[in-house]
Amino acid sequence: MLSVLIPTYNYNTFFLVKEIHQQLILEDIQFEIICLDDGSKSPLNEKNKDINKLSFSSFKSLENNIGRSAIRNLLAKKAIYNWLLFLDADVIPVNSNFIKNYIHCFKKDKTVFCGGLLYQNKKENFRLLRYKYGKRHEEISVDKRIEHPDKYFFTSNFLVRKEIFNSVKFEEKLMQYGREDLLFSLELIKKGYKIEHINNEVYHLGLDKNDLFVAKTKEAMENLIFIDKQSLIDTKEMPLLALVRKISILRMTRIVGVFHLFFEKLAIKKSSVFFLNCMKVSYMCHLKLKHE
């Protein structure tokens, strides 16, 4: 009935799997949990092997890294049940009815369900740029998510029928971090499927340090440039691309692009979402020049 699919990379996923497993047992449904490590060769995989001791659960590490999109497609291919629940490795359900809430969704066809994200208000998180960014751009109320279903689609916590997933899949041309969720959600809508947002959040636990988060953000910007060059998205559907295009029309791309390292340093030093957003625009302009 339900396949829970968890891609991981250099992360101890056992605690998440154990919690999900307990909830599934209580619901008394047919299920499987599949966890795949994307070739990290991490020592943490020794702990992840304990997943194999849980009933109807498996962990395996791939020999080579295949990318965030490809590993999700591989997980779906391995799944034997008709409903797929995708979870990131570094999350944990907010409440004990997490699985029950998703089971209630099984009655609807042609619909993909997004549970949402929350960030724990812990003292050690308050100065992290990843926490501040998540609180501002990802911890969104269900009412607001409903208004913009594609904008707030996150791969970290969603439920989809296998037949729907197979008709869309993740874009495997994207090898680096970021933006695979945007392409997937837009393709869902283009094919006539509905994205329904519900109150069934998970906490995002694995908060990167500032320098690593900024580096991943730059990778996401590189993916966005690639998406644009490959015409995989309409510029109108991505405000950041539209802004960079306006800057190009005004012939200010070179000037704006010069400042990306300046904004990057300020974003890291001050844990500033404002300077991170400035860096995004500036770095996009820098990349545009680089690829011309």
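I take contact to mean heavy atoms within 4.5 Å. The model I am examining is a predicted one.

**Entry 1. Contacts of L2 and the main core**

I began with L2 and looked up its contacts, leaving out residues up to four places away in sequence. L2 touches L24, I29, Q30, F31, E32, Y81, W83, L84, L85, I99, F106 and L159. I then turned to the largest nonpolar core, which has 35 residues; L2 and L87 touch the most other members. I noted which elements supply at least two residues each to this core: β1 (2-8), α1 (14-27), β2 (31-37), β4 (83-87), β5 (91-93) and α4 (98-103). The largest share, five residues, comes from α1. Apart from this core I found another, of 23 residues, with L5, C114, I164 and V168 among them.

**Entry 2. Helix α1**

I checked the length of α1 against expectation. At 1.5 Å a residue, its 14 residues should span 20 Å, and the end C-alpha atoms are 20 Å apart, which agrees. I listed the buried residues of α1 as F14, L16, V17, I20, H21, Q23 and L24. For the spacing in this list I recalled a general point: an α-helix has 3.6 residues a turn, so residues three or four places apart point the same way. Just after α1, I recorded a positive phi of about 55° at D28.

**Entry 3. The seven-stranded sheet**

I traced an open sheet of seven strands with mixed pairing, in the order β3-β2-β1-β4-β8-β6-β9. β3 (57-61) and β9 (194-197) stand at the edges with a single partner strand each, so one side of each is left without a neighbour in the sheet. On average, neighbouring strands are turned by 20° against each other, direction ignored. I found that helix α3 (residues 68-78) packs on the sheet, where α3 touches β1, β2 and β4. The direction of α3 makes about 150° with that of β2.

I next followed the pairings around β8. β4 pairs with β8 (residues 157-161) in the antiparallel sense over five bridges, and L85 stands opposite L159 in β8. β6 also pairs with β8 in the antiparallel sense, over two bridges, and here F113 stands opposite L159. With β9, β6 pairs in the parallel sense over four bridges, and C114 stands opposite H197.

I then examined the side chains of β6 (residues 111-114). T111 and F113 point one way, V112 and C114 the other way, and all are buried.

**Entry 4. Cysteines**

I searched the whole structure for disulfides and found zero. The sulfur of C105 is 10 Å from the closest cysteine sulfur, in C114; a disulfide requires sulfur atoms within 2.5 Å, so this is too far for a bond. C105 counts as buried at 7% relative accessibility. C285 is likewise in no disulfide, with the nearest cysteine sulfur, that of C278, 12 Å away. I noted that C285 is buried, at a relative accessible area of 0%.

**Entry 5. Y283**

I located Y283 in helix α13 (residues 273-291). Is Y283 buried or exposed? At 8% relative accessibility, Y283 counts as buried, because the cut-off is under 20%. Leaving aside neighbours within four places in sequence, I found Y283 in contact with K218, M221, E222 and H260. I also recorded that the C-alpha atoms of Y283 and F263 are separated by 9.1 Å, with the two residues 20 residues apart along the chain.

Technical notes: Residues numbered from 1 in each chain as written. Predicted model: local features only at pLDDT ≥ 70, side-chain atom pairs only at ≥ 80, totals over all residues. Heavy atoms only, no water. Core = buried A, V, L, I, M, F, W, Y, C linked by side-chain atoms within 4.5 Å. Buried < 20%, exposed > 50% of the residue type's maximum accessible area, 1.4 Å probe, protein only. Expected span 1.5 Å × (residues − 1). Pairing = 2+ DSSP bridges. Axes fitted to C-alpha atoms, helices over the stretch in contact; angles between N-to-C directions.
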